[in-house]
Amino acid sequence: MGKRQHQKDKLYLTYNEWTTLYGGKKGGSREVKLFGDFPFDHCCVSLQQPFENPYCDREGNIFELEAILGFLKKYKINPVSGKPLDSKSLIKLNFYKKCPQDDPTS
């Protein structure tokens, strides 16, 4: 044993120790997503497009009327958040499709 046996004992973690040993950021710079971006014109329950009767909850999730009523009848919860939800709290949405012949700029 030499004189400098404890020379590398430090009271802090180095960057290399933190990233490799103690749960620091590993891998690439992007986080792993369980779900990709969900298109705006899809139902959160049935993945149906385009909407025929769109309804929305207070959190902004859009559902097809038939799909959400069947889900609520069976489970009585919001399929996205898992919080209690009833059919009276749904908001009817009106979507309009923009037709090329209606565009005044063309």
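**Aromatic pairs and their setting**

Reply: Start with Phe-95, which is partly exposed, with a relative accessible area of 40%. Keep in mind that the model is predicted.

Me: Which ring does Phe-95 pair with, and is the pair stacked or edge-to-face?
Reply: The structure holds two aromatic pairs. In the pair with Phe-95, the ring centres lie 5.8 Å apart and the planes meet at 20 degrees. Planes under 30 degrees apart count as stacked. The partner is therefore Phe-51, and the pair is stacked.

Me: How many residues separate Phe-51 and Phe-95?
Reply: Phe-51 sits in the loop between helix H1 (15-20) and strand E1 (54-56). Phe-95 belongs to the segment after strand E3 (91-92). The pair thus links distant parts of the chain, and the separation is 44 residues.

Me: Is Phe-51 buried or exposed?
Reply: The relative accessible area of Phe-51 is 16%. Buried means under 20%. So Phe-51 is buried.

Me: What is the geometry of the aromatic pair of Phe-71 and Tyr-75?
Reply: The centres of Phe-71 and Tyr-75 are 4.8 Å apart. Their planes stand at 45 degrees. Planes under 30 degrees would count as stacked and over 60 as edge-to-face, with the rest in a third class. That makes the pair of Phe-71 and Tyr-75 tilted.

Me: What separates Phe-71 and Tyr-75 along helix H2?
Reply: Helix H2 covers residues 65-75. Phe-71 and Tyr-75 are four residues apart in it, so the separation is about one helical turn.

Me: How does Tyr-75 count by relative accessible area?
Reply: Tyr-75 has a value of 45%. Buried needs under 20% and exposed over 50%. Tyr-75 is therefore partly exposed.

Me: Is Leu-47 buried or exposed?
Reply: Leu-47 lies in the loop between H1 and E1. Its relative accessible area is 52%, and the cut-off for exposed is over 50%. Leu-47 is thus exposed.

Me: What distance separates the C-alpha atoms of Leu-47 and Glu-64?
Reply: Leu-47 and Glu-64 are 17 residues apart along the chain. The distance between their C-alpha atoms is 8.9 Å.

Me: In what order do the elements of the protein chain run?
Reply: The secondary structure comes to two helices and three strands. From the N terminus on, the order is α-β-β-α-β.

Me: What percentage of the residues of the protein chain count as buried?
Reply: The protein chain has 106 residues. Its accessible surface is about 9,700 Å², with 54% belonging to carbon and sulfur atoms. The buried share of the residues is 19%.

Key
Residues are numbered from 1 along each chain as its sequence is written. This is a predicted model: local features need pLDDT of at least 70, side-chain atom pairs count only at pLDDT 80 or more; totals for chains, interfaces and linings use all residues. Side-chain values use heavy atoms; hydrogens and water are left out. Buried means under 20% relative accessible area, exposed over 50%, partly exposed in between (1.4 Å probe, protein chains only). Accessible areas come from the Shrake-Rupley method with a 1.4 Å probe; for residues, only the protein chains shown count as cover. Rings of Phe, Tyr and Trp (its six-membered ring) pair if their centres lie within 6.5 Å; planes under 30 degrees apart count as stacked, over 60 as edge-to-face and the rest as tilted.
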